[in-house]
Amino acid sequence: MTINTKVEEAGFSPASRISTIGVSEILKIGARAQAMKRDGKPVIILGAGEPDFDTPDHVKRAATAAMLRGETKYTALDGTPELKAAIRKKFARENDLSYEQDEITVATGAKQVLFNAMMATLDPGDEVIIPTPYWTSYSDIIEIAEGKPVLIACDAEAGFRLRAEQLEAAITPKTRWVMLNSPSNPSGAAYSAEDYRPLLDVLLKYPHVWLLVDDMYEHIVYDGFRFVTPAALEPRLKNRTLTVNGVSKAYAMTGWRIGYAGGPRALIKAMAVVQSQSTSCPSSISQAAAVEALNGPQDFLKERTESFKRRRDLVVAALNAIDGLECRVPEGAFYTFSGCSGVLGKTTPSGRRIETDTDFCAYLLEDAHVAVVPGSAFGLSPFFRISYATSEAELREAMERIAKACAALR
């Protein structure tokens, strides 16, 4: 019997939980840019949230040694005892946080940690407060878990940071979580202890609201900024805070896919149930590498951060010198989030009118061959994100192209 695949495809209907969710705009732009490069276009890609440094050699050696020892089997569901011990030491050493072994979870990337947490806690209609701009996966994960993202716009004048009055106004009886990310993807904005304090005071008044903090860019901060995490700053919230981190950014281990978190044991246990029915344990080899990353030498972190700072300063200065663009100096991470309202309403040399930040980014890609991501992808317009985790030479060339492209607008 011959099967008509076209009919079958036409009859396919996705589950309602994903029907309104698409592939990340960042991935789409990256795919388009890569296709242009394959066609011979000299595209500079400033869209990927990935350090250009290599994984440190001592970490790679630890992974090789683990393989040679035969550590290639399944591990404990949510992390080996060795990795959980290393994470506990890291939290105590760097964050003044104490967790027991059963208060630690390890997953295949921090994204899975977030997914496990939402799937384990959200009932249909439960609300999660997210300051914007925000990492795009936050809201999509919440929607897949049948929750409701509550987006709160945080403008450049506020340093892209949530204010206490905004938080309190957004809390309802259905609020289950507040998500905070410091330093932030995409803005690079970071919360100091003074910035956090009013927000934590609000949360103390609402015991039904839990706090998820994404500290992934903890080690990439500049100009003497002092990183702090909320559960250490306000111990009274520790029993309803999930502190999420990972080895991807600071240790340049994006492909190793190891994220982790510390939180109340009842939550960690519920998250393990979700993980047991999806990926089961993370890679045994990646976990061995992560043990070495957390326990091994840390001196290279400062050197890499200094390199990122030079790139940040280069990009911020170049953007602020371009008529129509305005860029705040980020406290951390490796992104700039620049305003582009000054170019809206202008026309490209080919006659296209720039109406939105998406139009502007498409113009930069197609005409200047520079791939950046529109602020609309992160919930706040009109802005665009640049990842400066690439060479200074490429960044200089990209800034020259952007300047030339903006100067050609009429």
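Analyst: Start with strand β3, residues 127-132: 6 of its 6 residues are buried, so β3 is largely enclosed by the rest of the structure. Buried means under 20% relative accessible area, exposed means over 50%, and partly exposed lies in between, with a 1.4 Å probe and protein chains only. Strands (E, at least two residues) and helices (H or I, at least four) are DSSP runs, numbered from the N terminus.

A word on the source. This is a predicted model, in which local features need pLDDT of at least 70, side-chain atom pairs count only at pLDDT 80 or more, and totals for chains, interfaces and linings use all residues. Residues are numbered from 1 along each chain as its sequence is written, and side-chain values use heavy atoms, with hydrogens and water left out.

Back to β3. Glu127, Ile129 and Pro131 point one way. Val128, Ile130 and Thr132 point the other way. All are buried.

Now its partners. Strands of a sheet pair through backbone hydrogen bonds, either parallel or antiparallel. Here, two strands pair if DSSP finds at least two bridges between them. β3 pairs with β5 (residues 175-181) in the parallel sense, over 3 bridges. In that pairing, isoleucine 129 stands opposite valine 178. β3 also pairs with β4 (residues 148-153), again in the parallel sense, over 6 bridges. There, valine 128 has proline 149 as its bridge partner. The chain gets from β3 to β4 through helix α6 (residues 137-144), and this β-α-β crossover is right-handed. Right-handed means that, with the strands pointing away from the viewer, the path from the first strand over the helix to the second runs clockwise.

Next, an antiparallel sheet. Its 4 strands form an open sheet in the order β9-β10-β13-β12. β9 and β12 stand at the edges with a single partner strand each, so one side of each has no neighbour in the sheet. β12 and β13 pair over 2 bridges. Valine 373 stands opposite arginine 385 of β13.

Arginine 328 sits in the loop between β9 (326-327) and β10 (335-339). Its side chain makes a polar contact with the side chain of glutamate 331, at 2.5 Å. A polar contact is a pair of N or O atoms within 3.5 Å; within protein, one must be able to donate a hydrogen and the other to accept it, and residues adjacent in sequence count only if both atoms are side-chain atoms. Leaving out residues up to four places away in sequence, arginine 328 touches Ala156, Gly159, Phe160, Arg161, Ala189 and Val316. Contact means heavy atoms within 4.5 Å.

Now a helix. α4 (residues 81-95) has 15 residues, which should span 21 Å at 1.5 Å a residue; its end C-alpha atoms are 20 Å apart, which agrees. The expected span is 1.5 Å times one less than the number of residues. Leu83, Lys84, Ala86, Ile87, Lys90, Phe91 and Asn95 are its buried residues. Seen down the axis of α4, they fall within an arc of 160°, so they line one face of the helix. That arc is taken from the directions from the helix axis to the C-beta atoms. Glu82 and Lys89, on the other side of α4, are exposed. The cover over the buried residues of α4 includes β2 (104-107), β7 (241-246) and α11 (284-295). After α4 comes aspartate 96, with a positive phi near 55°.
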